[in-house]
Amino acid sequence: MLASLVVSVNGSNFAFYKLSLTWPNSVCKITTCKTPIPTYFTIHGLWPTFGNDIPVPPYNPTSNKCNPNPTSPDDIVGELAPIKGELDKKWPNLWVRKTNVDFWKIQWQHHGMCSDYPRDPLDYFKDTLNLAQSKRFDPFKALGVQPSDQTPHLLHTLLENAYKNFGAYPQITCSMPKKGILLLKEIRFCLKRTKKTPPSVVQNCPTNVGDRCTNPLTDYVWLRATPTIFGPHNVTSDLFAST
């Protein structure tokens with residue numbers, strides 16, 4: 001897709017985007033997921049973020065009118081029809097009690113309306129799809145691991161692999177479904193906000209760890225914990241309704 005000029009000159013004064021990709025194998029250990037569970041990283045979102053690593057708040061016509069007259073969440077469904085098949089596959093809502101459309105509406109309201117695409121949901125979702133599906137943003141390649149990996153990795157090693165293979169430090173977040181077991185939940189690539197979309201210039205993420213991961217020098221992270229280490233576990237939790 002040809003880069004288009006940013007139209008949101010009056011938008012939020014944010015500094016960069018986070019392309020957040022979810023590893024379903026880990027997420028579905030702590031929430032009740034739909035089946036079949038994807039065997040690849042899925043999209044959580046493309047999030048405008050301030051330079052201090054605080055996300056831009058959701059659009060609100062009173063308290064955060066970040067862009068004038070953005071497309072409302074209820075109006076995006078028809079506009080996304082040309083790419084719905086791709087979105088269903090790559091940007092699904094994993095949680096059993098929410099539909100994919102529910103998830104997309106939440107992502108648009110919380111992030112898209114204050115992005116550089118306030119009146120162009122089709123390009124916002126299409127550009128995010130293209131970024132997530134490009135080899136450049138392949139989490140396995142960046143981290144230097146295989147999808148079937150059942151070895152705990154020092155978080156520092158994964159971050160250094162990503163810097164070497166990707167060219168910048170990402171943010172890695174973890175879940176802890178069982179005491180002492182950290183699972184890699186998401187990897188977030190950071191891209192500078194420029195005068196054109198889609199964003200393409202990578203940068204180091206200001207914060208390299210999140211959620212239950214806290215110390216890269218001591219935390220060991222699994223992509224797939226073996227049954228003998230992990231055991232059966234399932235806790236219902238809506239991870240996606242508010243982010």
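**Entry 1: a first link**

I began with the link of Cys28 and Cys33, which is left-handed, with -95 degrees about the S-S bond. I kept in mind that this is a predicted model. Next I looked up the distance. The sulfur atoms of Cys28 and Cys33 are 2.1 Å apart, and the two residues form a disulfide. Are these cysteines buried or exposed? I found Cys28 buried, and Cys33 is buried too.

**Entry 2: Cys66 and Cys114**

I moved on to Cys66. A disulfide joins Cys66 to Cys114, with 1.8 Å from S to S. The angle about this S-S bond is -85 degrees, and the link is left-handed. Which parts of the chain does the pair link? I traced Cys66 to the loop between β3 (42–49) and α2 (76–79). Cys114 sits in the loop between α4 (100–110) and α5. The two are 48 residues apart, so I noted a link between distant parts of the chain.

Why does Cys66 count as buried? Its relative accessibility is 5%, and buried means under 20%. Cys114 has a relative accessible area of 1%, so I wrote it down as buried.

**Entry 3: Cys190 and Cys205**

I turned to Cys190 and Cys205. They form a disulfide, and their sulfur atoms lie 2.0 Å apart. Why is this disulfide right-handed? The torsion about the S-S bond of Cys190 and Cys205 is about 110 degrees, so I logged the disulfide as right-handed. I placed Cys190 in strand β6 (residues 181–192) and Cys205 in the loop between β8 (202–203) and β9 (209–211). The pair therefore ties together parts that are 15 residues apart in sequence. I found Cys190 buried, and Cys205 as well.

**Entry 4: the pairing**

How many disulfides did I end up with? The count comes to four.

**Entry 5: helix α5**

Last, I looked at helix α5, which covers residues 121–133. It has 13 residues. From first C-alpha to last it reaches 18 Å, close to the 18 Å expected at 1.5 Å a residue. Is the helix mostly covered or mostly uncovered? It is mostly covered, as 10 of its 13 residues are buried. I listed some of the buried residues of α5, among them Pro121, Leu122, Tyr124 and Phe125. Asp123 and Asp127 are also buried in α5. Further along, I noted Thr128, Leu129, Leu131 and Ala132 as buried.

Terms used
Residues are numbered from 1 along each chain as its sequence is written. This is a predicted model: local features need pLDDT of at least 70, side-chain atom pairs count only at pLDDT 80 or more; totals for chains, interfaces and linings use all residues. Side-chain values use heavy atoms; hydrogens and water are left out. Helices (H or I, at least four residues) and strands (E, at least two) are DSSP runs, numbered from the N terminus. The expected span of a helix is 1.5 Å times one less than its number of residues. Buried means under 20% relative accessible area, exposed over 50%, partly exposed in between (1.4 Å probe, protein chains only). A disulfide is a pair of cysteine sulfur atoms within 2.5 Å.
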